[in-house]
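Thanks for asking me to look this one over with you. Here are my notes, written as numbered points so that you can follow along on your own screen.

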Amino acid sequence: MARSRYIYTCNQCGYESSKWNGKCPSCGAWNSFEEELADAPKPSGGVNAAGVPDLSDSILELDDIGIDSDVRYDTGLGELNRVLGGGLVKGSLVLLGGEPGIGKSTILLQICQYLGEDHSILYVSGEESARQIKLRAQRLGVNSENLYLLTATDAEAVADTIASSAPDIAIIDSIQTMSISRISSSPGSLTQVRECTNLFMHTAKRQEIPLIIVGHVNKDGAIAGPKVMEHIVDAVLYFEGERHQSYRLLRAVKNRFGSTNEIGVFEMRDKGLTEVANPSQMLLSGRPHNVSGTCVACVMEGSRPILAEVQALACKTSYAAPRRMATGFDFNRLNIIIAVLEKRLGIFLGSLDVYLNIVGGFRLDEPAGDLPVAMALYSGIMDKQIDEDLIAFGEIGLGGEIRSVSHISQRIREAERMGFRTCVIPKQSMSGIDATDYDINIVPASTLKQAFSVIK
Ligand code: TYD
Ligand code: MG
């Protein structure tokens, strides 16, 4: 039987099938299959008798491959450089993802000012008119002479223009607006997004320029269209944050040229994004005084310790089943901590509503956040204040024990730097440090009971 000319691909997960499906058997998405032409690749160039290309001439010795010493561009934003692993790599394709309105276009326009001092930049926009970009640039104070704007949506024409105008850096905002005219599906569809990304990948490699692509995120938090795009590009950065909060976190999800642990912290102001070099200070500013139910936590974001305030409120419920709410903290984790408090310490919360909040729109995802959450809860329930200069971190086990966490000394140093006087840490972690090294009172605790004993 002749092979069908078409294949069907799920636009959510990339699953391929020879027939159309209403529901994707792989990811369960409904009505997500798109028709694509199943083109068999045609071999070209040095083809041997069996029709397989001979690549023996293309093999290189590692020593023979020359690299420029200056292969990274400084973007002028230290936080962005850090997330990129030390700057924008020549010849790399970077995907910047994030929800609409989070600030992707803003940050890219901002870096043009610094990059434009020594390099020429082509900013291709398929979303905004040149006038709109100019207005935004004016507001951001961007007036570089090396910045060139192009409003276009035809991906092949854009790739040709990049090749002919040979800028040092190119920016494409956004991939969902780009399309290749010979592909029939609409812009933003799986096929278009994938083919356009492939096209720009070749452009970046051939021209040896850094190319940044903006990608919108759909309501599930994935880059709209496909995971396939993440496979193609060299680095994937996500811009995160609550839209109504001014803080923005930039996180690397994939990076072929650096670590993916790093985050960059920014604040959205009326003149664009500003870097936050001292996130702990920002997150701790405006703490309430003489209030029970708050405790300071220390989490590691990559190689950086960040202090954040945990607030808990427990009050009598007026419902049959008490309410539990967590903002910035895993809801199930909160329930586990409540269960441990009930079972191991006999603190019953069955008639109390519990609200937990991490201040500043920050997320406390690390196990080290367990202890400060439990302490804030205990403080709230007992209505006993925790000293303002106390900080705690540690993972809580189901037996009510406090388990060790990583990066102990960095966390203590950060607490010290921010002027804290007491630090409650897991007892097990004491073996890795020398308490006399620090100018802070270290309280080792192996159980929750011991940790709570510092709350007077
Ligand atoms: P934008 O960069 O257009 O978002 P994206 O490209 O990710 O969709 O960001 C727009 C938002 O940022 C908008 O809600 C207004 C806000 N903003 C400021 O608060 N200050 C500024 O100086 C700028 C340029 C935007
Ligand atoms: Mg935009």
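**Notes on the model**

1. Let's begin with the overall make-up. The chain has 11 helices and 23 strands. Please keep in mind as you read on that this is a predicted model.

2. Next, the outline. Taken along the principal axes, the C-alpha atoms fill a box of roughly 80 × 55 × 50 Å. The chain is divided into three named parts: domain 1 covers 6-37, domain 2 covers 71-277 and domain 3 covers 283-452. If you take the centres of domain 1 and domain 2 over their C-alpha atoms, they are 28 Å apart.

3. Of the 456 residues in the chain, 48% count as buried. The accessible surface comes to about 22,300 Å², and carbon and sulfur atoms hold 49% of that area.

4. A word on charge. The chain carries 44 positive and 55 negative charges.

5. How many disulfides does a search of the whole structure find? The search finds 0.

6. D173 and S174 are joined by a cis peptide bond, with omega at about 0 degrees. D173 is given as the end of strand 9 (169-173), and S174 sits in the loop that runs from this strand to helix 5 (190-207).

7. Two backbone angles deserve a look. A166 is not a glycine, yet its phi is positive, at about 45 degrees. You will find A166 in the loop between helix 4 (155-165) and strand 9, and its 42% relative accessibility makes it partly exposed.

8. The other angle belongs to H407. This residue is not a glycine either, and its phi is positive at about 50 degrees. H407 is in the loop between strand 21 (402-403) and helix 10 (408-417). Is H407 buried or partly exposed? With a relative accessible area of 35%, H407 is partly exposed.

Conventions
Residues are numbered from 1 along each chain as its sequence is written. Chains are lettered from A and ligands numbered from 1 in the order in which they are written. This is a predicted model: local features need pLDDT of at least 70, side-chain atom pairs count only at pLDDT 80 or more; totals for chains, interfaces and linings use all residues. Side-chain values use heavy atoms; hydrogens and water are left out. Helices (H or I, at least four residues) and strands (E, at least two) are DSSP runs, numbered from the N terminus. Buried means under 20% relative accessible area, exposed over 50%, partly exposed in between (1.4 Å probe, protein chains only). Accessible areas come from the Shrake-Rupley method with a 1.4 Å probe; for residues, only the protein chains shown count as cover. Lys and Arg count as positive and Asp and Glu as negative; His and the chain ends are not counted. The place of a charge is taken as NZ of Lys, CZ of Arg, CG of Asp or CD of Glu. Domain bounds come from an automatic or database domain assignment. A disulfide is a pair of cysteine sulfur atoms within 2.5 Å.
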